[in-house]
Structures are given as structure tokens and as C-alpha cells.
Amino acid sequence: MSCLEDMFPKWFKGTRRLFMIAFINAGFFLLTIPFCTRGGMYLFQLLDWYAAAWTLLFVCFIECVVFTWVYGTERLSKDIEIMVGRPLPTFIRISGAFISPCIFLVVLILSFVQYRPPTYGSYSYPAFAEGLGWCLAFLVVSPIVVVLVLNLIIAGRSTKTLSEEIKRPSDSWGPYDDIAMEEYTDKGREYIGFVCTFIYNLTGRSKETKAATYHSNGPHFYKDIKSTDV
């Protein structure tokens, strides 16, 4: 419901909101009636075997990669600092960028390696049911792949340009509060390369930190050399 309201706000304005909520809940109610029949447990087992197992691991893995490597923990840390007044903790940065994705990926690979056809008690599902289960699983993750491919086709540009556009937030992205939006400058939308992202994920040091260190130390060091030479 929250996703639909964010994507189609006009559908949920005024009295429309009540009808939309009633319509969506009624639709899901009808879809779940088959699970309450005598064979409902077999349907539930099939759905749980495919759509609620490795698909969750895949989605969690993609979320970690997108937040920490595409959007970047540097931007994420600045966003959190605007909201709560302090940057992203070191443990969460390291965990989100390295530990969690590795764990999700290992478990995901093991789930495929140890895969076996679904069963319920002594009952073995036929081949068409197994194919239906895989279709349900791919249906869950398909929006991620489909939207990415469509964006690449619509853009129709070079790989380098696409990588820069993918890693750069849109112009409409930013804090909801007007005062915070003034502090959220265009620097938050600049392209951040993979090397800079890796360095920040590992050490927590950004280009701005290096620049500040250079400007604070560099001019004094240069002045000392000139005075010595004179």
C-alpha cells in the first residue's frame, strides 16, 4: 500500500483512498481463498518453496549492493546525518558494504547447490508444478531486472555514461524538509566512482576529507618551502 501510494498519489486522494484500499484488500482476499481449501497446504508449500526462499536472499543482496555501492554509503551517511544529526556508524557501513552481501551471496549459492524438488510429506510434486514454482520465483525478482533493462534500452548511451547516470540521484531526490533541502547541495548528486566508493566503504574517508586535509596542510607546507628558499 505504501509503495502504491508513493507511485500513484492521485489514486489515493480524498475518498478514492478508501475505495482503493477496499479494492486491493478484496483482490488479495480472493487470491488467498485457494490456500484455505483441502489442497491449500500443497499450494502454500509450493509457494513457500520457491517464492519465499531464495528470492528473499536475492532481494536482500541487491538492496545491500544498491545502497552501499550504487547509491553509496557516503551519500547514505550524509542523508542519515541530516535526519538524525550523526553519520552512519562504522559497523553498519562495513557490514552493509562487505559482510552482509557476502553472507547473502554465500547462502544464495548454497541454496542453489543444495536444491531439490519440492515435497510435502510423502507427496512429490509433478514437473509442471515445479515449473510453476520457478515461474513464481522469477515473477518476484523480475521487476528488478525488467526495470533495469528498460532503463538501459531507453537511455541508449555508452556504458560509461550509463554507469554515471545510474549512480547519480535524480534532481527531485532530496530531503522533504525545505530547510534541510537547502543544505542538500548538488554535491549529493555528483557521480562517485567505484574506487572512491570502495575507499569510503573500507575506511570512511571521502574525497572531501582528503581535500580538506590537503588544503589545511598543503598551503602551510608550501609557504615554509618558499620562506626557506628566500
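Modeller: Helices (H or I, at least four residues) and strands (E, at least two) are DSSP runs, numbered from the N terminus. This is a predicted model: local features need pLDDT of at least 70, side-chain atom pairs count only at pLDDT 80 or more, and totals for chains, interfaces and linings use all residues. Residues are numbered from 1 along each chain as its sequence is written, and side-chain values use heavy atoms, with hydrogens and water left out.

Colleague: In which helix do Lys-78 and Glu-74 both lie?

Modeller: The two residues are four apart, about one turn of the helix. They form a salt bridge, with the closest N and O atoms 3.7 Å apart. A salt bridge here is a side-chain nitrogen of Lys or Arg within 4 Å of a carboxyl oxygen of Asp or Glu. Both residues belong to helix H5 (residues 73–84).

Colleague: Is Glu-74 buried or exposed?

Modeller: Buried means under 20% relative accessible area, exposed over 50%, and partly exposed in between (1.4 Å probe, protein chains only). Glu-74 has a relative accessible area of 12%, so Glu-74 is buried.

Colleague: How many salt bridges does a search of the whole structure find?

Modeller: Lys-78 with Glu-74 is one of them. Arg-17 and Glu-5 also meet in a salt bridge, at 3.0 Å, N to O. The search of the whole structure gives two.

Colleague: Which helices does the pair Arg-17 and Glu-5 link?

Modeller: Arg-17 is partly exposed at 35%. Glu-5 is partly exposed at 25%. The pair joins distant parts of the chain, 12 residues apart: Arg-17 sits in helix H2 (residues 16–32), and Glu-5 in helix H1 (residues 2–7).

Colleague: What does Gly-72 touch, not counting residues up to four places away in sequence?

Modeller: Gly-72 is in the loop between H4 and H5, and is buried at 5% relative accessibility. Its C-alpha is 6.3 Å from that of Thr-197, 125 residues away in sequence. With contact taken as heavy atoms within 4.5 Å, Gly-72 touches Val-66 and Phe-67.
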